[in-house]
Structures are given as structure tokens and as C-alpha cells.
Amino acid sequence: MPDTKAEEKQVANSLPFKNPDYVHSNVQNGKKKPWKTLRQILAQTPSSSDDSITYSSLDAPPSFKPAKKYSDLSGLETTYTDPQTKLHYASPEEFQDIRRMPSDLIQGYLTLRRANNLLQ
């Protein structure tokens with residue numbers, strides 16, 4: 001560990017990322033000031049009123065882009081939908097697998113996608 005300022009500057013010159021004149025933000029007038037905890041910071045800030053905007057209160061307008069569809073079996077992006085079961089598929093192999101599935105498994109996939117349509 002370097003003992004003098006000259007040794008510190010020599011070490012700083014050998015390490016280009018180290019600034020010898022850097023002073024940490026919690027040191028003022030040679031004294032360390034204690035860090036504030038998150039609870040202390042939140043207690044100091046004024047409480048939010050009902051009309052303030054928060055992340056969960058924002059209402060965004062509907063998107064102009066169409067929603068992307070993903071295959072229910074593989075998760076790949078797709079444009080194909082089986083008209084009989086309403087499941088999305090990405091390849092002919094998946095289509096064959098969908099046609100061979102029992103109806104309770106198809107209902108499970110539709111429930112996962114929140115497309116609860118009863119099959120006839």
C-alpha cells in the first residue's frame with residue numbers, strides 16, 4: 001500500500017483508469033458524512049397524492065401495430081392458426097401434432113394463452 005502522495009500518483013500513472021484527484025461524494029471538508037438509507041430518503045420526500053402519475057397508473061393508448069402471435073407448442077413467432085382448434089403453430093410438424101392432441105390438452109393450451117373458447 002503506498003504511503004506518500006508521490007507513490008500514489010506513481011501508482012495512478014501506471015493505472016490509467018484511476019484518477020489521483022478523485023474525491024468520493026460522501027467526503028466533505030475531510031469528514032465522512034453518513035449515507036442515507038432508502039427508508040430515510042422516502043421519509044424526506046413528500047408523499048404522493050392521488051392525482052400523481054405512477055408507473056402502474058399510466059394509461060397508454062392502444063398500439064397501432066398488430067399483436068405478435070407465437071406458436072403454442074414451440075414459442076416461435078408465427079402467422080398460422082389451426083381453424084379447428086384455434087391453436088397457433090409454426091411448422092407443418094406442429095400442425096400434425098395439434099391434430100393428434102386430445103381435446104383436454106388443447107383446452108389446456110388455450111387456457112395458458114387465455115383464449116378460453118370451448119371446443120365443439
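Which side chain meets Arg 113 in a salt bridge? The side chain of Asp 72 does, at 2.8 Å from N to O. A salt bridge here is a side-chain nitrogen of Lys or Arg within 4 Å of a carboxyl oxygen of Asp or Glu. The model is predicted, so local features need pLDDT of at least 70 and side-chain atom pairs count only at pLDDT 80 or more, while totals for chains, interfaces and linings use all residues. Residues are numbered from 1 along each chain as its sequence is written, and side-chain values use heavy atoms, with hydrogens and water left out.

The structure holds three salt bridges. The pair of Arg 113 and Asp 72 links distant parts of the chain, 41 residues apart. Arg 113 sits in the segment after α4 (103-112), and Asp 72 in the loop between α2 (38-44) and β3 (80-81). Helices (H or I, at least four residues) and strands (E, at least two) are DSSP runs, numbered from the N terminus. Asp 72 is buried, at 16% relative accessible area. Arg 113 is partly exposed, at 27%. Buried means under 20% relative accessible area, exposed means over 50%, and partly exposed lies in between (1.4 Å probe, protein chains only).

A second salt bridge joins Arg 99 and Asp 82, with the closest N and O atoms 2.7 Å apart. Arg 99 belongs to helix α3 (residues 92-100) and Asp 82 to the loop between β3 and β4 (88-89), so the pair ties together parts 17 residues apart in sequence. Asp 82 is buried, with a relative accessible area of 0%. Arg 99 is partly exposed, at 41%.

The remaining salt bridge is formed by the side chains of Asp 97 and Arg 100, at 3.4 Å from N to O. Both residues lie in helix α3, three residues apart, or about one turn of the helix. Asp 97 is partly exposed, at 36% relative accessibility. Arg 100 is exposed, with a relative accessible area of 60%.

Aromatic contacts were examined next. A search of the whole structure finds two aromatic pairs. The ring centres of Tyr 80 and Tyr 89 are 5.6 Å apart and the planes stand at 20°, so this pair is stacked. Tyr 89 also pairs with Phe 95: the centres are 5.0 Å apart and the planes are at 45°, so this pair is tilted. Rings of Phe, Tyr and Trp (its six-membered ring) pair if their centres lie within 6.5 Å; planes under 30 degrees apart count as stacked, over 60 as edge-to-face and the rest as tilted. Tyr 80, Tyr 89 and Phe 95 form one aromatic cluster. Tyr 89 is buried, at 14% relative accessibility. Tyr 80 is partly exposed, at 44%, and Phe 95 is partly exposed, at 25%.

Leu 38, Ile 41 and Leu 42 make a nonpolar surface patch of about 310 Å². Patches are made of residues with over 30% relative accessible area and no salt bridge; like charges are joined within 9 Å, and nonpolar side chains (Val, Leu, Ile, Met, Phe, Trp, Tyr) within 5 Å. Accessible areas come from the Shrake-Rupley method with a 1.4 Å probe, and for residues only the protein chains shown count as cover. Leu 42 lies in helix α2. Leu 42 is exposed, with a relative accessible area of 55%.
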